[in-house]
There are 2 protein chains.
Amino acid sequence: MTAPRQDPPAKRPVGRRGGDSDTRSAILDAALDMFAEQGFEKASMRAIASRAGVDSAMIRHFFGNKATLFVTTMADRTVIPERMGAALTGPPESLGIRLADAYLRLWEADDTRPILLGLVRSAMTSSQGAALLLEVIGGRIQEIAPFPAGADGRMRGFAFAATHLFGVAVGRHILQLPMLAGMSREEIVEAVGPTIQRYLTES
Amino acid sequence: MTAPRQDPPAKRPVGRRGGDSDTRSAILDAALDMFAEQGFEKASMRAIASRAGVDSAMIRHFFGNKATLFVTTMADRTVIPERMGAALTGPPESLGIRLADAYLRLWEADDTRPILLGLVRSAMTSSQGAALLLEVIGGRIQEIAPFPAGADGRMRGFAFAATHLFGVAVGRHILQLPMLAGMSREEIVEAVGPTIQRYLTES
């Protein structure tokens, strides 16, 4: 299975800027494939290095440890943060609806579904990768942060919103519970959107 | 790891009623151990038969297939349905609070925590076992069914309540997200209880 990937953003230096940037890019490409195929725990730094055609010391030079490489890969090489980030833009009163819809779309789209399945596989074998990723996405949401609560309540509300959506997605796409698998995305968004909204704005 | 088990209910025939009941009981004991250790997918009928000291044809005679054995084991040999069932008794207006509290207690208690971890492991490798179990527990909740909605809305509300609690428990106990792991059970119940209530009564 080859995971789909985004083109690198235009602002990243390529070509004549040379070796470093090409190496970093090759490592991220290889990491995306390996994490999607094997999950966070099983994908080894050595195997990623081998697929990228570099020494594993090179990966440590650029990214430090595997957890950092994982988060950087998800943030740089997938459309997930971009699509969730896009859902943040809009009227504050429909934030819950937009986030629920964007998240469930990620589970349906051909270019993100395998990544999310890989992430769940990772999450069940190691808390580190998933927790880090949630931190990254949570951080992005906080940057925009249209909700007025104190920082502590805000993080708690975000945790409940995120785990609620996660539970629904697992129930629909992995457990394939008949009640959830039989509903359209629109119906689910309508049902859970107000709850997500409350968690994000009233915590 | 040996999973804790309940004593068989007093009404089940034992002793002189003889071989059938003893064999059934031995199979359920073995099944509970194997499912807790290996999860639904990996625990084989042959291995369960071997641990119970019977032929695997005997398991099929009593229980049919592995999915039925799994659900029967969870319903007969664990305290999970009993404790969730107990939470159903009480004023309808605090049902959400009671269910959230009972469910999170299952994740904290020494006699049920390993079973739930086994169930999640099962659920991530096979949708069959977990979906069946949810059906059994859902069926019990429907029996009491203090909520007035039509059958379809009721099942949907139940699915959202169940996957919400599942997501929170996974976030707290498996992913160990700092925001959730740092909250007491009481704080979490207070935060999610009203949502669970709404899903069960307003769907």
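B:Q176 sits in the loop between α9 and α10 of chain B, where helices are DSSP runs of H or I with at least four residues, numbered from the N terminus. The model is a predicted one, in which local features need pLDDT of at least 70 and side-chain atom pairs count only at pLDDT 80 or more, while totals for chains, interfaces and linings use all residues. Residues are numbered from 1 along each chain as its sequence is written, chains are lettered from A and ligands numbered from 1 in the order in which they are written, and side-chain values use heavy atoms, with hydrogens and water left out.

The backbone at this loop deserves a careful look. Most residues other than glycine have a negative phi. B:Q176, however, has a positive phi near 50° and is not a glycine. B:Q176 is partly exposed, since its relative accessible area is 47%, and the term covers what lies between buried (under 20%) and exposed (over 50%), computed with a 1.4 Å probe on protein chains only. In chain A, A:Q176 likewise lies in the loop between α9 (151–174) and α10 (178–181), and its phi is positive at about 50°.

Is B:R172 buried or exposed? B:R172 is buried, because its relative accessible area is 10%. Apart from neighbours within four places in sequence, B:R172 is in contact with B:E108, B:L180, B:A181, B:M183, B:S184, B:R185 and B:I188, contact meaning heavy atoms within 4.5 Å.

Elsewhere in chain B, helix α2 (residues 45–52) contains B:S50, which counts as exposed because its relative accessibility is 58%. The C-alpha atoms of B:S50 and B:A31 are separated by 10 Å, although these residues are 19 residues apart along the chain. Helix α3 of chain B covers residues 56–63, and at its start a side-chain oxygen of B:D55 comes to within 2.8 Å of the backbone nitrogen of B:A57. After α3(B) comes B:G64, with a positive phi near 80°.

We now turn to the way in which the two chains meet. The size of an interface is often given as the accessible area lost when the parts come together. Chain B and chain A bury about 2900 Å² between them, with 76% of it on carbon and sulfur atoms; this area is what the two parts lose on being put together, summed over both, with a 1.4 Å probe. The contact draws 32 residues from chain B and 32 residues from chain A.

How many salt bridges are counted between chain B and chain A? The count is two, a salt bridge being a side-chain nitrogen of Lys or Arg within 4 Å of a carboxyl oxygen of Asp or Glu. B:E187 forms a salt bridge with A:R156, and the closest N and O atoms are 3.5 Å apart. On the side of chain B that touches chain A, the elements giving two or more residues are α7 (113–125), α8 (127–144), α9, α10 (178–181) and α11 (185–202) of chain B, and α9(B) gives the most, with 13 residues.

Finally, chain B can be laid on chain A with an RMSD of 0.0 Å by a turn of 180° and a shift of 0.0 Å along the axis, the superposition being by least squares on the C-alpha atoms of residues with pLDDT of at least 70 in both. That is the relation of a two-fold axis. The same surface serves both copies, as 100% of the contact residues of chain B recur in chain A.

Terms used:
Polar contact = N/O pair within 3.5 Å; in protein donor to acceptor, adjacent residues only side chain to side chain.
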